[in-house]
Amino acid sequence: MQKSEDVELRPSPHSAYQPFGELHNCYPFVKWAGGKTQLLVELDKVIPSEFDLYFEPFLGGGAMFFHLISNRNRLFTAYLADLNRDLITSYKIVKHNVKELIQLLKKYEAEYKEDPIEYYYTLRDIIRPKNDIEKAARFIALNKTCYNGLYRVNRAGIFNVPIGRYKNPPICDSNNLENVSQALRYSKAIIQARDYGQMILGRAEKGDFVFLDPPYNPTSSTSNFTNYTDYGFGDNDQEQLASIFRKLDDRKCRVLLTNSDTPFIRELYSDFATNIKEVSVLRAINCKASKRTGHKELLVRNYDNDTCF
Ligand SMILES: C[S@@+](CC[C@H](N)C(=O)[O-])C[C@H]1O[C@@H](n2cnc3c(N)ncnc32)[C@H](O)[C@@H]1O
């Protein structure tokens, strides 16, 4: 069964960041609003050339983590966190119980093929998981078949997204799940459902790499999707995050943050203005294709280009 607590000792400097051979390519196993897959080309240009531990405390689909570990073919110890408990349970199950998980997902895939609507609403509204493996399977299967891969819960914490329209959704991507499991085990990933601040301030030290991908600061009153959990992420949270960014800078961590390009975010990180890069990205969260173009995002970091790959 899954280990109750993932605890790892800090390796000696740079020893965690070594090339290694056998890891297979992998990518996010969930669709996630604000996922960074489309931004990887830009992010790749600003990855620090060396670091000790890796921190990704707004994990979501983990596009950056999977990019670093599989495309960069580097081994490092990773601290991964998100406030979304079901998401984190799924990561832990993929890490420790991937075979049992795949069995269940294959069953859901077969049920979907027989009758998508019956499958979806039974899984969403009737089935109540009895253990974490069943929880993870339900979470992943719903994520792959719900509308736009959205995660939304009602006041009672019950997932309430309607079914999406797909011909052949990849509910059980066995190959990738096996590869993700291997990546999480090789990187000795410590995976926690907790607030970003608690995770990084308690652990990150000089020479570590911290990637911060918080919920977006809304660019307009109609684009305020920050509801990944029950808590939301408002202006006060963005201010608090900026102050943690500065604390990590004082500690000499290498910190990279993404956010939307708004005057508020530019002001919050004005101390790092020389290392702010503007990039264009399509935002998949908007269901109307016409509204998916032209968004600008900011990459803010506290280190220079000559320390990047
Ligand atoms: C923009 S998404 C991250 C996307 C991710 N980088 C990817 O590639 O899929 C932001 C994530 O932060 C999480 N989150 C929101 N508030 C948080 C908090 N206070 N601490 C930790 N995670 C939080 C949300 O659940 C969401 O998964």
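Helix H9 covers residues 235-250 in this predicted model. At 1.5 Å a residue, its 16 residues should span 22 Å, and the end C-alpha atoms lie 23 Å apart, which agrees with that expectation.

The buried residues of H9 are Leu-241, Ala-242, Ile-244, Phe-245 and Leu-248. Viewed down the helix axis, these buried residues fall within an arc of 160 degrees, so they line one face of H9. The spacing follows from helix geometry: an α-helix has 3.6 residues a turn, so residues three or four places apart point the same way. On the face turned away from the buried side, H9 carries the exposed residues Asp-235, Asn-236, Glu-239, Ser-243 and Asp-250. The cover over the buried residues of H9 includes helix H8 (196-203), strand S6 (209-212), strand S7 (254-260) and helix H10 (263-268). After H9 comes Lys-252, which has a positive phi, near 70 degrees.

Strand S7, one of the elements covering H9, has 7 of its 7 residues buried, so it is largely enclosed by the rest of the structure. S7 pairs with S6 in the parallel sense over 4 bridges, and Leu-257 in S7 stands opposite Leu-212. S7 also pairs with strand S9 (residues 295-301), in the antiparallel sense and over 5 bridges. Here Thr-258 has Leu-299 in S9 as its bridge partner.

The next topic is the nonpolar core. The largest one has 78 residues, of which Leu-101 and Val-210 touch the most other members. Helix H6 (residues 132-145) gives the most to this core, with 7 residues. Because domain 1 (18-84 + 175-217 + 233-307) and domain 2 (92-172) both give residues to this core, it lies between them. Leaving aside residues up to four places away in sequence, Leu-101 touches Ile-93, Val-94, Ile-133, Ala-136, Ala-137 and Leu-177.

Pro-170 is placed in the loop between H6 and helix H7 (174-186). Pro-170 counts as partly exposed because it has 13 C-beta neighbours inside 10 Å, whereas a residue needs 20 or more to be buried and 12 or fewer to be exposed. Pro-170 and Ala-141 are 29 residues apart in sequence, and their C-alpha atoms are 8.9 Å apart in space.

Technical notes
Residues numbered from 1 in each chain as written. Predicted model: local features only at pLDDT ≥ 70, side-chain atom pairs only at ≥ 80, totals over all residues. Helix = DSSP H or I, 4+ residues; strand = E, 2+ residues; numbered from the N terminus. Expected span 1.5 Å × (residues − 1). Arc of directions from axis to C-beta. Contact = placed C-beta atoms within 7 Å. Pairing = 2+ DSSP bridges. Core = buried A, V, L, I, M, F, W, Y, C linked by C-beta atoms within 7 Å. Domains from an automatic or database assignment.
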